[in-house]
Amino acid sequence: MTQYVRKAARNKLLAAGALCAATALGLTGLTAGSAAAAPAKPRTDYNGDGYADLAVGVPGATVGGQAKAGYVNVVWGGAKGLGGHGSTTVSQATTGVPGTAEAGDGFGRTIASDDMNGDGYGDLVVGTPKEANSAGLAAGTVTVVWGSATGFKGGFTAANGAFSDANYGALLTTGDFDKDGDKDIALSTHFDESSALSMRPGPFTAGSPSELSRISGWRFGGPRALTSGDFDGDGGADIAVSYATSDIAGTSVMSRASGEWTRLWSAGEHSTSALAAGDFDGDGSTDLAIGAVQRDPESESFLCENSLGGAILTVYGKKGGALGGGGESCTTQNGPYVGGEQEAEDNFGAHLAVANVDQDGIDELIVGADTEAVGTAKKAGSYWVLASTGTGHSLVGPAFSQNSTDVAGTAKAGDRLGADVTTGDYNGDGYPDLAVGAPGEDGKGGVWYAPTPKDGPNPPVTSVTPGKLGLSGVTQYGAVLGK
């Protein structure tokens, strides 16, 4: 998709009579599928058929008569893409999944995906922060639901809170953080006036040690966003965490390469509710995107001064060096080559995902802004596919809404398109596609599926809704998308 994103940005420049600027930005002469690489195995392929699948968390769903017990709806990928191959639901009423579906649990409040046991199938990692424990306390739990060739086959309780409002699993990310060959889970926890970022190490097998190890902690606040990536270039996974308390706010990258947790990078005055890791300049190092970046009111320095309506801070890595070695840049809707208009309360960058959509070795940043006004329709929402124009440079790309050509529907107030975004090769053509949530659509919600073209014009963006999937009694569908 980058080929058409960059062509769109190039065409804006050409229309303004700025061919020399287009050349300087590297937006000319790009061809579809240049430097194409073999796609990685989908981490969201839960049944091993070679197609990425989409997990949609519906924590407000009724299960077995239990209001807001919650479930995860998995929309199967296939040659027809999303919506053409049906879906299945997974809840605590599903055979083999630990726990019991109870009113108010909110199973599916958070979702991560990874092959947690190394069997070649993607697994669901589900956070249920209001799940009641054996003592009846709403302490939260984290559950791994196993994928298999015949669908989901049972599950495993990875972490279980012991105190009321412990909020286990409100934030999740996965990776081999301790470099022992087993996947681990990083999760947020809470106790009294303190919150922490903790790790539940793998393996996730009966009898394995279930104790959490503390990574970092905060008083009167805590973590707001998590993501994982190889930020130090050692081949292992590191954790980026954004946090805010009554006194401090910031974003840090933590590594356990030495056996102890160490801070690789930190911006003490910048926090956010959205983080994403990717190689946005194609230099082989991992970069960090901090979406809807917010300033610590006590700080005198801020890297994104013009942040009205939301700004994205991109921190570039340097091959063979540290994160930040490539400099930083800010992207807003006030930029000359970013679609849309900069307005207060747009929420630009509040939801992020990453994919190398045209398989050219350079990742794109997928951005959602669910409170963006489209014309006079407030909170109709929009999304962007943004590409970097080089190390240290800001991102460029057009905006899409339900009023865009070949996008299903019509932008209406409260649709909230862009409330979550994710990516995957849902039709198996070797190019990642987009899934964009619109939980306010027609009072029930939906997901907009945007397939990536190998070349030529963009295919139509279609809607996948609860009605089309045969789901009943669902609201806010698309507010939570697995990554």
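Trainee: Is Lys-412 buried, partly exposed or exposed?

Mentor: Buried means under 20% relative accessible area, exposed over 50%, and partly exposed in between (1.4 Å probe, protein chains only). Lys-412 has 32% relative accessibility, so Lys-412 counts as partly exposed. This is a predicted model, where local features need pLDDT of at least 70 and side-chain atom pairs count only at pLDDT 80 or more, while totals for chains, interfaces and linings use all residues. Residues are numbered from 1 along each chain as its sequence is written, and side-chain values use heavy atoms, leaving out hydrogens and water.

Trainee: Which residue forms a salt bridge with Lys-412, its closest N and O atoms being 3.8 Å apart?

Mentor: A salt bridge is a side-chain nitrogen of Lys or Arg within 4 Å of a carboxyl oxygen of Asp or Glu. Here the partner is Asp-442, which is exposed at 58% relative accessibility. Lys-412 also meets Glu-441 in a salt bridge (3.5 Å, N to O), and Glu-441 is buried at 8%. Lys-412, Asp-415, Glu-441 and Asp-442 are linked in a network of salt bridges.

Trainee: How many disulfides does the structure hold?

Mentor: A disulfide is a pair of cysteine sulfur atoms within 2.5 Å. The structure holds 1 disulfide, formed by Cys-304 and Cys-330 with their sulfur atoms 1.7 Å apart.

Trainee: Why is the disulfide of Cys-304 and Cys-330 left-handed?

Mentor: Look at the torsion about the S-S bond: it is about -90°, so this disulfide is left-handed. As for accessibility, Cys-304 is buried at 2%, whereas Cys-330 is partly exposed at 25%.
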